[in-house]
Amino acid sequence: MNRFLFGFFSLVIFISCSGSKGVVGNTPSVPNLPITPSVSASNSTYWQQHVDYKMEIDMDVNSYQYKGKQTLVYTNNSPDVLNRVYYHLYFNAFQPGSEMDVRSRTIADPDARVGDRISHLKPDEIGYIKVRSLKQNGAVLNHETVGTVLEVDLEKPIQPGEKVTFDMIFDAQVPVQIRRSGRNNKEGVALSMAQWYPKLAEYDFEGWHADPYIGREFHGVWGNFDVKLTIDKNYVVGGTGYLQNPNEIGHGYETGTINRSNSNKLTWHFVAPNVHDFTWAADPDYIHDTMQVPNGPLLHFLYKKTMTQEQRRNWKRIQPKSVEFMQYFSETVGKYPYKQYSIIQGGDGGMEYGMCTLLLGEGTYEGILKGVIAHEMAHTWFQFLLASNESKHPWMDEGFATYIEYHGINLIFNEKKANPLNKAYNNYIYLANSGREQPQTTHSDRYVFNRAYSLASYYKGAVFLSQLGYVIGQENLKKTIKKYFKDWAFKHPTPNDIIRSAEKVSGLELDWYLIDFAQTTNTIDYGVKSIEGSTITLERIGLMPMPIDLNVTYLDGSTEDFYIPLQMMRGEKPNSATIIKDWAWAYPTYTFKTSKAVKSVQIDPSGLMADVDNRNNKM
C-alpha cells in the first residue's frame, strides 16, 4: 500500500500448476510454480489451506453492475474439523453506515480521501456483493451477510484432508471509488477492481481470520484462479494472471493475428497459478506498453491516453527503471517466480496485488511514479510472496517493502546516501517520542490515530530490518532476507519466522529483539555518562537492550573502535572492532578502561541504532 497517499512429509512437493505447456494456438503457457504445501521443509508441523477458484463474470459498464458464478474447491489441510466458513464481501464497506464509514467519521485523524464520503453515497453509487445462492457439494447452504462478512453454516463439517466444492451465484455493484476499488475516480479510470469478488477467509493455526473491512490490509488463502471476464469490447483490461486467449482479445496482448468475435463484448480468460488474490482494472482509454525484464517477467504498463503529454512521458520514463527494480528486488530477496507483472493506473494511491499493482497515474515523476512504483513492486515480495497477515502484522509487509524500496531507489537512481533509511529512522524516533505510539502487535484497524499506524507500519517496520543489520551484521542481514524468502515464499510467515531465519544465519539469540522492538513500545536510549582519563562509563536509559558499537578518540589523535556484546545475544556479530566484556541488560551502567587517555567517545557512529535521544551519544 502506498505510504505517500495514505502433518507428515518434511519436503516441499513441487508439481506443475494447471495450464498448457508451451503455446498451443493462442493460449500462452502457464509457468510451473510450487503448490501451496501442507507442510514446510523448515517446520514439519506447518500447514496451510488451499483454494481453486473458477469464476465467470459478466460486467455491464453502463450500470457498473456485474453478475458472477463462482466454483470454489476448498482443501482443508488443517488438522481441524471445520463447521463453518466465512467469505469476505469487501464492496459492502462502501455503503452509508458501514463500519468503514463510521470509523472514518469518528477517528481523530480520518483519511482525507475517505472522510465522510461514504455516508453521502446514493443507492446507485454504493458498492455491494449479494450472494444469491450457495451450495456445498450440491447441497443448499444457509448463510447470512453481516456487513462485509458472509457467515456460512455448512451442510456437513469439512474433515481434515477433505476437499469440498462450493458453488455460488452472486450479483454486485461497483461503488464510486472511495479507496482502492471503484469506478470513475478522479483520474477518470473506469474500473479499478480490487477486493471485488466473494473471497474465502483464511483459516490457519490461529483459527479464522474473518476480519471486517474497516480501513486497511488483507489476508488470503493460497490457490489457483481461473477467471472469465466478459466486458465491453472497447475496454482494455490488465491485472492478475496470464491471458489465455490473447488473439481473441488484442489490445496489445496479441501474439499473432487478431481474430475477435463480432459481439459487443469480449470474454477475457485469465489463469493465475499459486496466488492469494485476483485483481483487475479496465478502461477504454488505456495505453498498453510492455517491456521485457532480462531473464525475468514481461512487464505490462497500462495508463490513460487522456493524461497530459508530460504525464504520459513520465510513464515512458519509468518503464526501464521498473525493469531495474524487478532485477534488484529479485537479486536482493529472491527471484520473481511469475512470467508477467502489470503496473496499472488505478487512480487512487497505490496498492499491491497478485502479479500487479494499481496506483495513481497523474503525479510527478519524482513524487509519484518513482517512489510509488518502487514501493508497490517491493510489495510483490513483502506481502505477496511472503504472505504475512497484513491485518495483524502490517509492519512486516509495509516496513520490509519500505526497506528494500529505499535501498533500491538509492542504488538505481544513484543517490549515494550513506544510510538510505534516514527518513524512516527520523519518523520512527518522532513516533517514539510523541506519546502516541502503540505496539506493533496492534491490529491495523485498532490504532487510535491513522498517522500512528502509518509511522509504526512503514517506518518502524523498515527500521526493524535496518537495525537488525546493526545487531547481526550487514552480510548476515542480506543472508537472512534470502533465507526468509527461501523458507517462506508461497506461505504465511509470522514475526517469529523472520527472527528464526536471522538466528539460523547468525547463530545469535534474537528473541529479545522481536519482543522489545515489535511487541512493546520500549525505547533504545544509551548515553556516555563520563570520561575520566582512560575510564569510560556508559549508561542505559531506555528499557530496550542493544549491543553497542563505540568509537573512541584518544588525546594523541588516534582512534579505536570497540564492540560491547549484549549478554543475552550469546555471541557477537562479525566485526573488526576490539571486543570487550558483555553488558548484561539489568545493569544500568557499564564501565571499562582503555589503553590510553580518552578525548571523546561516540556511541553508534553508523547511526543504525534507533536511539530515541542521541544528544547524549557523544562526549
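Which residues of H10 are buried? The structure is a predicted model, in which local features need pLDDT of at least 70 and side-chain atom pairs count only at pLDDT 80 or more, while totals for chains, interfaces and linings use all residues. Residues are numbered from 1 along each chain as its sequence is written, and side-chain values use heavy atoms, with hydrogens and water left out.

In H10, the buried residues are Pro 495, Asp 497, Ile 498, Ile 499, Ser 501, Ala 502, Glu 503 and Ser 506. Buried means under 20% relative accessible area, exposed means over 50%, and partly exposed lies in between (1.4 Å probe, protein chains only). Helices (H or I, at least four residues) and strands (E, at least two) are DSSP runs, numbered from the N terminus. The cover over the buried residues of H10 includes helix H6 (394-412), helix H8 (450-472), helix H9 (474-488) and helix H11 (511-518). The expected span of a helix is 1.5 Å times one less than its number of residues. For the twelve residues of helix H10 (residues 495-506) this should give 16 Å, and the end C-alpha atoms are 17 Å apart, which agrees. After H10 comes Gly 507, with a positive phi near 75 degrees.

Helix H8 also contains Ser 466. Ser 466 has a relative accessible area of 4% and is therefore buried. Leaving aside neighbours within four places in sequence, Ser 466 is in contact (heavy atoms within 4.5 Å) with Tyr 403, Leu 421, Tyr 425, Gln 474 and Leu 608.

A nonpolar core is a set of buried Ala, Val, Leu, Ile, Met, Phe, Trp, Tyr and Cys residues joined through side-chain atoms within 4.5 Å. The largest such core has 191 residues, of which Phe 166, Leu 191, Ile 231 and Trp 280 touch the most other members. H8 supplies the largest share of this core, 14 residues. Not counting residues up to four places away in sequence, Trp 280 touches Met 59, Leu 191, Ser 192, Met 193, Ala 194, Trp 196, Leu 229, Ile 231, Val 237, Gly 238 and Gly 239.

Trp 280 belongs to strand E18 (residues 280-283), where Trp 280 and Ala 282 point one way, Ala 281 and Asp 283 point the other way, and all are buried. Two strands pair if DSSP finds at least two bridges between them. E18 pairs with strand E10 (residues 191-193) in the antiparallel sense over three bridges, and Ser 192 stands opposite Ala 281. Strand E15 (residues 236-239) also runs antiparallel to E18, joined by four bridges. Here Gly 238 stands opposite Ala 281.

Strand E1 (residues 50-60) and strand E2 (residues 65-75) run antiparallel and are joined by eleven bridges. Asp 52 stands opposite Val 73 in E2. The hairpin of E1 and E2 has four residues between the strands, and Tyr 64 in this hairpin takes a positive phi near 60 degrees. E2 pairs with strand E8 (residues 163-173) as well, in the antiparallel sense over eleven bridges. In this pairing Gly 68 stands opposite Phe 170.

Most residues other than glycine have a negative phi. His 251, which is not a glycine, has a positive phi of about 55 degrees. His 251 is found in the loop between helix H2 (246-249) and strand E17 (265-275). Arg 570 is also a residue other than glycine with a positive phi, near 60 degrees. The loop that holds Arg 570 lies between strand E27 (559-564) and strand E28 (578-579). Arg 570 has a relative accessible area of 59% and is therefore exposed.

Met 291 is placed in strand E19 (residues 286-292). Met 291 has a relative accessible area of 27%, so this residue is partly exposed. Met 291 and Pro 320 are 29 residues apart in sequence, and their C-alpha atoms are 7.7 Å apart in space. Not counting residues up to four places away in sequence, Met 291 touches Pro 297, Leu 298, Leu 299, Phe 301, Gln 319, Pro 320 and Val 323.
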